[in-house]
Amino acid sequence: MVQFDLPLAQLREYTADLVAPADLLAFWQGTLAEGTAMLVSSPRFATPWRLIDTYDVTFRGYAGSPVRAWLSVPAGNRTRLPTVVQYQGYSGGRSFPESANVWASAGYAHVVMDTRGQGYANGAPAQATPDPLLGSGHAPGFLTAGVESPAEYYYRRVYTDAVRLVQALGDSPHVDPDRIAVTGKSQGGGVALAVAGLAHLVGLRLTAVLADVPFLCAFPRANQVTDAEPYREIDRYLAGWRDRTDVVFRTLSYFDAALLAATARADALFSVGLVDRVTPPSTVFAAFNRYGLAAEEVTKEIRVYSHNGHEGGGQYQVHEQAAFLAARLRGVQE
């Protein structure tokens, strides 16, 4: 597949024509002021794997609803560890504990959040997190669920869950709350960027952000340059509701990770695939170039994979992330 988006030289300067709602931060301050983050339970989860201990975490998410996560640590750990919190890609839940514990293998605490209403793509051996409006195991699409109102939009609940998890982890004896990084690929990368931008509203200070080919960025641009799923869901919705384009994109602006990322204060590592039609390069660079603009002394880097699509850098990027984290999450023996 040939590169279809802007030339790389233009991408490096591209910020997209985005307009933040005047009440963007006020909306999120109000949302995050509702309810209290709390770790409800974290019993040990029995697995056949002997080098890693896994805990089945339940915490209070949006509106106090229970949300699930895996917490994995090196076997026998009894100390507070630097922690990597991972958000999942579109349609994926937390799945099986061993499906994402690479950071526990590196000596960190590794937390994988369930995404409410999702998970049909990879299943799980334990109860999934339902969404009050969509239920549990809902298949696509999520992108237009409640999209005509910021208050009702699906990702208001997901982003709130994601912030609440980081807050609640301070109650865990395995997590060092002063050394937390957030990460994710695709949808997970967009959620990680949103958390990075919202963290300061609840007094959180993240150490690092790893955004791998992030989704949920620069919605208007994505709508112009790709007809791939999941962005295609917006087109299908507006093909029927022909008079609601302005309403839909106004709602999406409250959840645009490229806009929210501007207030992020943690160092960040991005990745982008130049032939990625799922998260087009210009949408990723829009988020990257806006990242941390409202903060001081933020270091941000991006790894460019010229011949790759939505798989991005794959394991090459994991090694890049490992080096990036090792330089920031101090106290882990290499």
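Tutor: Here is a term to start with: a residue is buried under 20% relative accessible area, exposed over 50%, and partly exposed in between, using a 1.4 Å probe and protein chains only. You're looking at a predicted model, where local features need pLDDT of at least 70 and side-chain atom pairs count only at pLDDT 80 or more, while totals for chains, interfaces and linings use all residues. Residues are numbered from 1 along each chain as its sequence is written, and side-chain values use heavy atoms, with hydrogens and water left out.

Student: OK, let me try that term. Why does Gly-92 count as buried?

Tutor: Because its relative accessibility is 6%. You'll find Gly-92 in the loop between β5 and α3. Across the chain, its C-alpha atom is 15 Å from that of Pro-214, a residue 122 positions away in sequence.

Student: What about Gly-93, buried or exposed?

Tutor: Gly-93 is buried, because its relative accessible area is 1%. This glycine is also in the loop between β5 and α3. Look across to Gly-119: the two are 26 residues apart in sequence, yet their C-alpha atoms are 3.7 Å apart.

Student: And Arg-50, buried or exposed?

Tutor: Arg-50 is exposed, because its relative accessible area comes to 62%. Its loop runs between β2 (44-45) and β3 (52-60).

Student: How should I read the backbone angles?

Tutor: Most residues other than glycine have a negative phi, and most peptide bonds are trans. Now look at Ala-16, which has a positive phi, near 70 degrees. This alanine is in the loop between α1 (8-11) and α2 (24-33), and it counts as buried because its relative accessibility is 13%. Ser-95 has a positive phi too, near 60 degrees, and belongs to the loop between β5 and α3. With a relative accessible area of 6%, Ser-95 is buried.

Student: Where is there a cis peptide bond?

Tutor: Go from Glu-229 to Pro-230: that bond is cis, with omega near 0 degrees. Pro-230 is in the loop between α6 and α7.

Student: How many aromatic pairs are there in the whole structure?

Tutor: The search finds 21. Rings of Phe, Tyr and Trp (its six-membered ring) pair if their centres lie within 6.5 Å; planes under 30 degrees apart are stacked, over 60 edge-to-face, and the rest tilted. One of the pairs is Tyr-159 with Phe-255, tilted at 55 degrees and 6.0 Å from centre to centre. This pair links distant parts of the chain, 96 residues apart: Tyr-159 is in helix α4 (residues 154-168), Phe-255 in the loop between α8 (245-253) and α9 (257-260). Both Tyr-159 and Phe-255 are buried. Another pair, Phe-219 and Tyr-231, is edge-to-face, with 6.2 Å between centres and 80 degrees between planes. Here Phe-219 is in helix α6 (residues 219-225) and Tyr-231 in the loop between α6 and α7 (232-240), twelve residues apart. Phe-219 and Tyr-231 are both buried.

Student: Which ring does the charged end of Arg-328 sit over?

Tutor: The ring of Phe-324, at 3.6 Å from its centre. To count, NZ of Lys or CZ of Arg must be within 6 Å of the ring centre and within 35 degrees of the ring normal.

Note on methods. Helices (H or I, at least four residues) and strands (E, at least two) are DSSP runs, numbered from the N terminus.
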